[in-house]
Amino acid sequence: MRQVRRRFLVEWVLMFLLLPSAIVWLDGKPGLTDANAALYDRLLRNDPPIPSDDILIIGIDKRTIDALGPWPFPRSVHARLLERLAAHEPRAVLLDVFFDGSAADPAQDEQLAAAMSRLPVYLPLNYTAPAPGQVGHPVFSPPLPVLAKQAAGIGHANATPDPDGMVRGIWRFEGDRNGIWPYVGLAIAEGKPSAVPKIGSSGEDRAWVKQGRFGVAFAGPAGTYPTIPYLDALRGDTADGMLRGKLILIGALANSGLNDTMPVAGIGPYAELPGVEIHANAADALRHNRIIEVPTDWRRVLWISVPIWVVLVLFLRSAGHAVTITFTVALACIAIDYASLAYGHFALPLASPLSGICLAYLLWSWRRLDALLVFFRQRADALNAVPAGAFEPPMPPGPPALDSVERRTHALDRAITRLTRLQSLLTEGVWQLPVPVLICRPDGVINQSNAAAQALLAPGTPGSEASPSGQSDPLWGVNLPHTLAEMEKVELPGWPSEAVDDLWAAALTSEFTTRQGHVFRLRAASLGNSAEASTTGWIVVLPDVTAERKAQREREQWFGFLSHDLRGPQVTILNLLALHAENAPGMDIERLTNGVESEARRTIALTENFMDMVEAESGVYRFAEIFAGSVVLDAVDAAWATAQARGVLLAPRLGGSDCMISADMSLLTRALVNLLNNAIRCSEKGSTIYLCLEADGESQVLISIRDEGIGMNENQSPR
């Protein structure tokens, strides 16, 4: 058991150290990344932000393109739009159009620059990715210098999608090692050019750099922010209240046909927004501090690791509630993740800690089950190795095991079957013992009894004569010392009780008699009293000494008979001899001879009676088929002389003398003669004694003797 526990603790420590590290490593892999993103999107749908009313989109739609001509529009058109907007004094304008190349007419660039000088205009960088199959890095192309000079701010407008193709956030800074550009929305939100972080140079290395990603909770599908057509704004068909003091974003809409849309997450199963609306959501989040931070440092590692550590520690402290602990910690992670996203705008990965919790439960259950199987195998082997001696039950052959688990289950099943059969054999053996046996608790309360004990202490109780299987024990719960205290008892001095508990000391030196007249003694031995276990109970044996006590009483009666009845004739003979020796008057030789003869015959008769009684009570009879009438006539013949001497008439009445009976003829005749002699002795001279024989077919014979004596009174009858 100690080896199993030590191995289990070592495996727990390995899980505690390695499992969080494995989940953190898997956190950036495709499986967990997709799961984290899906849960993040689902949580965002529960509480979408409310769009600000100070943001306006001027959209380049299909009607505008149809009216103004094909895209791109002449830069003079953009200049006229900016001039109209300047009259309404907007807060800022994001012109989401790339101007990295010169116009066909350089005057139009000058016209656009002049219009930009009248209001704060922010320009995006043109993001150019390498063509498929070409080796290289993306590049940012800045606007023309004449336009860049008049811009209030320049930044990248690159909404980089995640690996699943969905846009969930934007990088604050992006570029190569020769130039890092801030996101254009940062400059709009701060009202000034953003400070660009410094990065180290590595020679010819021009790897693309991205820093400071933030998440955006999109307010809704396309059209959520107020939008007016580019054509209406250009013509001046827009009220001053819609433009004054607003942050205006100018860009292509979804129906423009310019393919400036991207799928975004958090607003539906699959929704697309044009780039201008993506920037409207991002600028709104930056201005009102609603951006979602996505930690990638130690905080993310700690968030993934702590729930796994918590469940592993709780598993170790309360292994029986592993399922409850798993669900509780998982629900706590979901609640904390939702609260941090909804109220703290902090996006923690949810699938990673949940996966770690589930994996911790699976690993814990697996290793715990394996340790349990090892323990079961060891205990089953130990149980199967216990010798049973004569109680070893036969085990049926089983099919060969296919693997180690099946072998362990077979060993455990064999041990259980073996113990069950051993218990059944022992229980049945104790039940069938002819000696009363009780199993008691340390306080003397009976837990189990066998049939002999129930017949002795609870005769006539339902269930006391039944098999132990499925039957209630009528002695269960009975306090044996209290029961013994209520019985008649006799002290037996001299029994050593020093090695016995005080509970049984008085009982061991006594002999008890039940209400039914059964006499028994008590012997007790402790159970489980060893160096490693305290006394767990007592086994009590109640040897029945009723037969011994009955034999003792009969022996005493016979001793009294011998000392009284046989002693009388001998004393008479001695007295006659003494009188003859003293020459007493009238004591001649004839009288002496007659007296000695009479007393000798009396002694012989008493001896024959004694032998007949001993033979009758020995239980050894010589049965034979005889005529019932012959037994009655033999008894009459044997008692006739005595009856004649007392003047009593014997009158036999044989109603069924020809019927046959199975009996010991000598003993039955002697019993009838004894009854006749008693009747003759107690009858007056001239009276009649009737000896009757009646037969009821072949099933019953009745022999009865009736005299005319004085009979017995109530005091004489019990004796």
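Reader: Is Phe73 buried or exposed at 4% relative accessibility?
Author: Happy to start there: this is a predicted model, in which local features need pLDDT of at least 70 and side-chain atom pairs count only at pLDDT 80 or more, while totals for chains, interfaces and linings use all residues. Residues are numbered from 1 along each chain as its sequence is written, and side-chain values use heavy atoms, with hydrogens and water left out. Buried means under 20% relative accessible area, exposed means over 50%, and partly exposed lies in between (1.4 Å probe, protein chains only). With a relative accessibility of 4%, Phe73 counts as buried.

Reader: And what is the relative accessible area of Trp71?
Author: Trp71 falls in the partly exposed class. Its relative accessible area is 32%.

Reader: How are the rings of Trp71 and Phe73 arranged as a pair?
Author: Rings of Phe, Tyr and Trp (its six-membered ring) pair if their centres lie within 6.5 Å; planes under 30 degrees apart count as stacked, over 60 as edge-to-face and the rest as tilted. The structure holds 11 aromatic pairs. In the one formed by Trp71 and Phe73, the centres are 5.0 Å apart and the planes stand at 70°, so the arrangement is edge-to-face.

Reader: What is the angle between the planes of Tyr183 and Phe214?
Author: Tyr183 and Phe214 form a tilted pair, 6.2 Å from centre to centre. The angle between their planes is 55°.

Reader: How many residues apart are Tyr183 and Phe214, and where do they sit?
Author: Helices (H or I, at least four residues) and strands (E, at least two) are DSSP runs, numbered from the N terminus. Tyr183 lies in the loop between strand S7 (179-182) and helix H7 (184-190), whereas Phe214 belongs to strand S8 (residues 209-215). Both Tyr183 and Phe214 are buried. Their pair links distant parts of the chain, and the separation is 31 residues.

Reader: Over the ring of which residue does the charged end of Arg367 sit?
Author: A charge sits over a ring if NZ of Lys or CZ of Arg is within 6 Å of the ring centre and within 35 degrees of the ring normal. The charged end of Arg367 is 4.5 Å from the centre of the ring below, which belongs to Trp366.

Reader: How are H12 and H13 oriented to each other?
Author: Axes are lines fitted to C-alpha atoms, for helices over the stretch in contact, and angles run from 0 to 180 degrees between N-to-C directions. Helix H12 (residues 322-343) and helix H13 (residues 351-384) pack at about 170°, with their axes 10 Å apart. Angles under 35 degrees count as roughly parallel, over 145 as roughly antiparallel, 65 to 115 as roughly perpendicular and the rest as oblique. H12 and H13 are therefore roughly antiparallel.

Reader: Which residues in H13 meet those in H12?
Author: Contact means heavy atoms within 4.5 Å. H12 brings Ala322, Val323, Thr326, Val329, Ala330, Cys333 and Ile334. On the H13 side, they meet Leu354, Ile357, Tyr361 and Trp364.

Reader: What is the order of the open sheet of three strands?
Author: Two strands pair if DSSP finds at least two bridges between them. This open sheet has mixed pairing and the order S22-S24-S25.

Reader: Which are the edge strands?
Author: An edge strand here pairs on one side only. The two are strand S22 (649-654) and strand S25 (700-706).

Reader: Over how many bridges do S22 and S24 pair?
Author: Leu649 stands opposite Thr688 in S24. S22 and strand S24 (residues 688-696) run in the parallel sense, and their bridges number six.

Reader: At what angle to S25 does H21 run?
Author: Helix H20 (residues 628-646) lies across S22, S24 and S25, running at about 175° to S22. Helix H21 (residues 665-681) also lies across S22, S24 and S25. Its angle to S25 is about 25°.

Reader: Which residue in S3 is the bridge partner of Leu94?
Author: Six of the eight residues of strand S3 (residues 121-128) are buried, so S3 is largely enclosed by the rest of the structure. Strand S2 (residues 92-95) runs parallel to S3, joined by two bridges. The bridge partner of Leu94 is Tyr122.

Reader: What is the relative accessible area of Val276?
Author: Val276 has its place in helix H10 (residues 275-287). Leaving aside neighbours within four places in sequence, Val276 is in contact with residues including Ile57, Asp96 and Leu249. Val276 is buried, with a relative accessible area of 1%.
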